[in-house]
Each structure stands twice: as C-alpha cells, then as structure tokens.
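This note is written for a colleague who is meeting the structure for the first time. Please read the points below beside the sequence and the model.

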Amino acid sequence: MPDFFEYLSPNVAVSLPAWLDLASVAVGGLTGALVARERRLDPIGFIGLSMLCGLGGGLIRDMAMQSGGVYMLDNPYAIPAAVLIGLVAFLFPGPFARIPNLIEWVDIISVGLFALGGTDKAIVHGLLPISAVLMGTLTGVGGGMLRDVFLGDVPGIFKPSNFYAVCAVAGSAVYYVLVMFLGANKYLAAILLMAVTVGLRRWSLS
Amino acid sequence: MPDFFEYLSPNVAVSLPAWLDLASVAVGGLTGALVARERRLDPIGFIGLSMLCGLGGGLIRDMAMQSGGVYMLDNPYAIPAAVLIGLVAFLFPGPFARIPNLIEWVDIISVGLFALGGTDKAIVHGLLPISAVLMGTLTGVGGGMLRDVFLGDVPGIFKPSNFYAVCAVAGSAVYYVLVMFLGANKYLAAILLMAVTVGLRRWSLS
Amino acid sequence: MPDFFEYLSPNVAVSLPAWLDLASVAVGGLTGALVARERRLDPIGFIGLSMLCGLGGGLIRDMAMQSGGVYMLDNPYAIPAAVLIGLVAFLFPGPFARIPNLIEWVDIISVGLFALGGTDKAIVHGLLPISAVLMGTLTGVGGGMLRDVFLGDVPGIFKPSNFYAVCAVAGSAVYYVLVMFLGANKYLAAILLMAVTVGLRRWSLS
C-alpha cells in the first residue's frame with residue numbers, strides 16, 4: 001500500500017502509549033463483570049466474563065490482522081488486569097451498585113477505547129483506510145459480541161449492537177481521517193474519537 | 001510438504017483471478033442481506049449481515065491458514081462491496097422479492113464460490129490435500145455458520161448445514177483432484193466444483 | 001521475552017511427542033461423537049461434532065498464538081483421525097453405551113490432554129508464564145466451548161464450564177511451574193497435569 005505512505009506524518013508510526021491498551025482491558029473487563037453481577041454468577045463467572053470482554057476484542061483484532069503480535073499474550077499485565085477486575089468486582093460490589101446507568105457508560109467507553117486501540121494498531125501497520133476503520137469497529141464491538149454469543153443473548157444483540165457498531169465506525173473514521181489525512185496529533189485525535197463514539201451513543205439513548 | 005510438489009503443474013501456483021474472490025463477497029453478502037430482509041432488520045442490520053456473510057468465511061480461512069495475508073483487509077474493494085450489497089438490498093428490495101427460491105440458489109452458489117476460493121488459496125500455499133479440502137469446506141460454510149450462531153438459529157443449523165458441508169466437501173475435493181492430480185486447467189476445475197456443489201444441493205432438495 | 005530464557009533447561013524447547021497431540025484429537029473427537037449420539041444426529045453430525053471438538057481447541061490455540069504453524073493443517077493424520085472417530089462412533093455405538101459415565105471421563109481427559117498440548121506449545125515458543133497458562137486453558141476448554149455455542153447450549157455452559165476451566169488452569173499452571181521453574185522432566189510434568197486436571201474434576205463431582 002505504498003500510495004498511502006504519502007500521508008504519513010512522522011508521528012503516525014508511533015503507537016499510542018501502552019497504558020491506553022491496558023485501560024481498554026480494565027474498562028472492557030468491567031463491562032463483563034457488571035454483566036456477571038446482573039446474572040448472579042459465581043467468582044469464576046466474573047473472572048471468565050471479565051477476561052472475555054477485556055481481552056476478546058483485542059484477540060479478534062490480533063488474529064485478524066496477523067501482524068504486530070498478540071497483545072494479551074505479549075503484555076505481562078493484560079491477563080492479570082482482566083482477572084483482577086473480575087475478582088474486585090465480585091468482592092466489592094458496593095461501589096458499582098451505587099452509580100446509576102453505570103453499565104451503559106462503561107460499555108460505550110469500552111467500545112471507544114477498543115476502537116481507538118484497533119484503529120491505531122491498523123494505522124501503525126499501514127492498513128488501508130477502510131480496513132483500519134473496520135479493525136477499529138471490530139475491536140470496539142468484538143468483546144461485547146463474544147459475550148452476547150456466549151451468554152445466548154443472541155437474538156437481542158442484532159438491534160442494540162447496531163448502535164455500538166455505528167458509534168465505533170464513526171469514532172474510528174474520525175480518528176483515521178484526523179491522523180492520516182489531516183496530520184493531527186494522536187492524543188487530540190483520540191479525544192475526538194472518544195467524544196464522537198460516546199456522544200453518538202448518549203444521543204441515541206436520549 | 002515437498003513430496004506433494006511433484007504433482008505441481010506450472011499453472012498450480014497461479015491464483016484464480018481476483019474478481020472471483022470479489023464475486024464470492026458479493027454473492028455471500030447477498031445471502032446475508034436476504035436473511036436481513038426475512039427478519040425485517042434496519043439498514044445497519046442489512047449491512048452487518050452482508051459483511052458477516054460476505055467476509056466471514058474468507059476471514060476464518062485467512063485466520064486459520066496464516067499465510068498469504070488477510071483478503072478482506074488487503075483488498076480495497078472487498079469491504080466496500082459487502083457494504084454496498086447490504087445497502088442496495090435494503091434500498092431496492094423489489095427485484096429480490098420477485099425471484100422464487102432466490103435465497104436457496106444464492107446460498108449454495110455462495111458456498112461453491114467460497115469453497116473455490118478456499119481450496120485454491122490452500123493449493124497456492126501448498127497445503128496437504130486433506131487440509132486443502134477442509135479449508136475449502138470451512139471457507140464455504142464459514143460465513144453461514146457465523147450468521148446462524150450470531151442470529152441464534154443454533155439448534156437449526158446442525159441438520160441443514162449438513163447438506164452444505166457435504167456439498168462443499170465434494171466440490172473442494174473435485175477441484176483439488178482435478179488441479180493437483182490430473183493437471184486440469186483451473187477454470188475448468190472451477191466450473192466442475194460449482195457444478196458438483198450446486199448440483200448436489202439441488203438434488204438433495206428435490 | 002529474553003528474561004525468561006534463563007529458566008530454560010535443555011529439554012524445555014523439545015516438544016512432547018506428536019502422538020500426544022493426536023491422542024488429544026482422538027479423545028476430543030470422541031467427546032463430540034458422544035454428544036452427537038445423545039442428540040441422535042446423522043453420520044455427518046457425528047463427523048462434524050467430532051471434528052469441532054477434536055480440532056477446534058487446537059485451532060483456537062494456533063490462531064491466537066500465531067507461531068509454530070497450524071497443527072490440524074500441517075499434520076496429515078489430525079483431520080483423518082477426527083473424521084474416523086466420528087464414523088466409528090456412529091457405526092459401532094455398542095462399546096460406548098456400555099461404559100457408565102463415559103462422557104464425563106472422556107470430557108475431562110480431553111480437557112487435560114488439550115491443556116497439555118497448549119501449555120507445552122506455549123513453553124516451546126517462549127510465551128510469558130501467565131500467557132502459557134491461558135493458552136493451556138483456552139486449548140483445554142476451547143473445543144467444548146465451540147461445541148456448546150454451536151449447539152445452542154449457551155446459557156448452560158457458563159456454570160458447568162466453570163469447573164473445566166478451573167481444572168485446566170490448575171493443570172496448566174502445575175505443568176508450567178514443573179517444567180520451567182523446577183526443571184522437571186516433561187513426561188513427569190505431563191502425568192501430573194493430567195492427575196491434577198482429572199482429579200480436581202472428579203473431586204468436584206463427588
């Protein structure tokens with residue numbers, strides 16, 4: 001894809017900092033743990049769902065892209081973080097119960113963070129624009145899709161996950177255009193990706 | 001697998017033309033869009049199912065083979081084609097409603113085209129005969145399997161997808177034997193693969 | 001991950017013998033065939049489930065690890081073995097009907113064998129300790145998870161598969177610690193992995 005390298009500004013090939021990926025794992029894991037709480041699962045169910053939602057989207061991304069390694073296997077903190085989130089959410093349910101609509105906020109923030117990680121990895125590895133947006137979207141909604149399929153919430157997912165997918169497409173596209181075509185700083189672009197993804201979702205719920 | 005290269009005639013390593021892969025995406029996408037129509041999904045549902053069925057089988061193939069790249073990410077037309085099919089099928093439902101049994105024809109033609117793409121990629125990358133037939137079969141039925149799992153049609157799939165799998169196995173095996181053992185021209189072999197796959201399916205329905 | 005190689009004793013990089021992988025395929029395939037029998041599926045259903053359970057866990061492992069090739073595609077006996085098990089179980093149901101609780105024994109032995117194959121491949125390829133245990137666990141329970149998702153046994157799986165996952169985590173961790181930290185012989189470690197995995201499961205059922 002050499003014709004795209006002309007758009008490359010120097011900062012494009014520099015990945016976002018590693019703590020952002022870890023933040024996705026934590027927030028994604030929390031969405032899983034909150035669903036485990038709704039279903040009154042045991043601690044293993046909490047940990048299993050936290051791992052599925054915290055690590056699943058990134059694993060789908062890495063298996064599909066086949067470049068740049070497998071994040072959850074290469075990073076020594078990713079798996080422990082997902083396990084820890086599941087455990088903490090099981091042991092201390094109090095704080096999570098007090099925040100209203102917590103699950104919806106956590107869900108869409110997690111979609112945004114994963115979309116960010118997916119789009120950025122695709123940019124670093126020089127994927128085509130539309131492939132980068134698809135990888136961002138797939139990473140964004142992948143963990144939730146796996147969770148729904150595993151829990152048998154299948155018929156339900158196709159409508160509500162619509163919203164998530166649209167939010168993730170819009171956020172990923174905004175990030176790609178800003179970084180690759182307009183030469184924007186990646187942190188600024190990341191903030192706008194989050195604003196677009198979360199904003200669209202809140203707007204769709206209002 | 002050097003012992004298999006003795007069968008290689010000069011044309012074996014030449015892939016089938018790229019438009020055949022694109023045709024699989026289009027026909028596969030159409031199977032998804034027709035299911036979306038049956039379920040009265042919204043435009044996002046049409047596009048989502050068109051992408052799942054048009055790109056899913058090839059993605060499974062590429063993730064499992066781990067060689068030769070990821071078609072849907074490398075080809076700039078694959079993702080747009082799947083999106084477009086979903087959109088067109090949503091906006092202009094008329095023509096699709098007029099053809100009787102359209103979904104069954106489209107389904108099995110899609111299985112044949114994907115089986116062709118899967119078997120041929122496996123041949124180009126020198127897989128073992130039985131692995132090539134399995135890759136053809138998996139590519140052929142993969143998109144439909146994903147669709148069924150995602151839509152929660154799970155108990156139903158195991159019986160009817162039997163037929164599809166058998167048709168795909170037979171078509172892939174015919175193609176492999178013709179190209180690798182009998183040195184047949186790939187276009188001729190492709191036509192026979194389609195004839196065997198579609199023919200077996202029609203015969204099983206009669 | 002060079003800091004881990006200091007633990008490497010000479011035998012660590014030598015894989016377990018190939019017949020152990022083939023034994024996993026056979027035992028895993030048998031779990032699928034026994035489920036096909038419970039559901040009174042036709043021969044294609046037997047073969048399909050035998051392949052899904054015999055080959056699925058290893059395929060997930062190889063797609064996630066992205067190193068060391070894809071076992072079921074590279075080994076000429078894996079696919080035939082899974083097909084054969086399905087066929088034999090369909091044609092000669094007698095012996096399988098006579099052994100009480102056969103399916104539970106076969107299930108957990110299969111989990112142990114797959115966990116062994118997954119952990120050992122991860123060790124050979126130098127994965128981080130926690131990644132190796134996760135790969136062992138995922139390989140151990142992967143085939144059964146796929147089976148449940150495909151058959152629509154979805155709500156049920158999250159509780160009972162808990163046990164399997166815990167047994168697989170424990171067995172994989174024991175193997176990793178023995179081989180990598182204590183320099184134990186791989187065969188001895190393999191026997192202890194099987195004892196821990198199967199023992200925990202039997203204890204949980206008593």
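Predicted model: local features only at pLDDT ≥ 70, side-chain atom pairs only at ≥ 80, totals over all residues.

1. Local features are described only where pLDDT is at least 70, and side-chain atom pairs count only at pLDDT 80 or more.

2. Surfaces used by the copies. Do the copies meet through the same or through different surfaces? Only 16% of the interface residues of chain C are also interface residues in chain A, so the surfaces through which the copies meet are different.

3. Extent of the interface between chain A and chain B. The contact involves 19 residues of chain A and 23 residues of chain B. The size of an interface is often expressed as the accessible area lost when the parts come together. For chain A and chain B the buried area is about 1800 Å², and carbon and sulfur atoms give 77% of it. No salt bridge is counted between chain A and chain B, while two residue pairs are in polar contact there, both at pLDDT 80 or more.

4. Composition of the side of chain A that touches chain B. At least two residues each are supplied to this side by α2 (43–65), α7, α8 (154–157) and α9 (160–181) of chain A. The largest share comes from α7(A), with six residues. By class, the residues on this side of chain A are 15 nonpolar, three polar and one charged.

5. The interface between chain C and chain A. Here 19 residues from chain C and 23 residues from chain A take part in the contact. About 1800 Å² is buried between chain C and chain A, with 77% given by carbon and sulfur atoms. Across this interface there are zero salt bridges and two residue pairs in polar contact, both at pLDDT 80 or more. On the side of chain C that touches chain A, α2 (43–65), α7 (129–151), α8 (154–157) and α9 (160–181) of chain C each provide at least two residues. Six residues, the largest share of that side, come from α7(C). The class count for that side of chain C is 15 nonpolar, three polar and one charged.

6. Side chains of opposite charge can pair when their charged atoms come close. Over all chains, the structure holds 15 salt bridges. One of them joins A:Arg147 and A:Asp107, whose closest N and O atoms are 3.7 Å apart. A:Arg147 lies in helix α7 (residues 129–151) and A:Asp107 in helix α6 (residues 102–124) of chain A, so the pair ties together parts that are 40 residues apart in sequence. A:Arg147 counts as buried because its relative accessibility is 11%, under the 20% limit. A:Asp107 is likewise buried, at 11%.

7. Salt bridges in chain B. B:Arg61 pairs with B:Asp62 in a salt bridge whose closest N and O atoms are 2.9 Å apart. Both B:Arg61 and B:Asp62 are buried. A further salt bridge, at 3.7 Å from N to O, is formed by B:Arg147 and B:Asp107. This pair links helix α7 (residues 129–151) of chain B, which holds B:Arg147, with helix α6 (residues 102–124) of chain B, which holds B:Asp107, 40 residues apart. B:Arg147 is buried, with a relative accessible area of 11%, and B:Asp107 is buried at 11% relative accessibility. In chain A, salt bridges with shared partners join A:Arg61, A:Asp62 and A:Lys121 into one network.

8. A loop residue with positive phi. Where in chain A does A:Arg40 lie? A:Arg40 is placed in the loop between α1 (18–38) and α2 of chain A. Its phi is near 55 degrees, a positive value in a residue other than glycine. A:Arg40 is exposed, with a relative accessible area of 74%. In chain B, B:Arg40 lies in the loop between α1 (18–38) and α2 (43–65). B:Arg40 has a positive phi of about 50 degrees, although it is not a glycine, and counts as exposed at 73% relative accessibility.

Terms used:
Residues numbered from 1 in each chain as written. Chains lettered and ligands numbered in written order. Heavy atoms only, no water. Contact = heavy atoms within 4.5 Å. Salt bridge = Lys/Arg side-chain N within 4 Å of Asp/Glu carboxyl O. Helix = DSSP H or I, 4+ residues; strand = E, 2+ residues; numbered from the N terminus. Buried < 20%, exposed > 50% of the residue type's maximum accessible area, 1.4 Å probe, protein only. Buried area = accessible area lost by both parts, 1.4 Å probe. Polar contact = N/O pair within 3.5 Å; in protein donor to acceptor, adjacent residues only side chain to side chain. Nonpolar A, V, L, I, M, F, W, Y, C, P; charged D, E, K, R; others polar.
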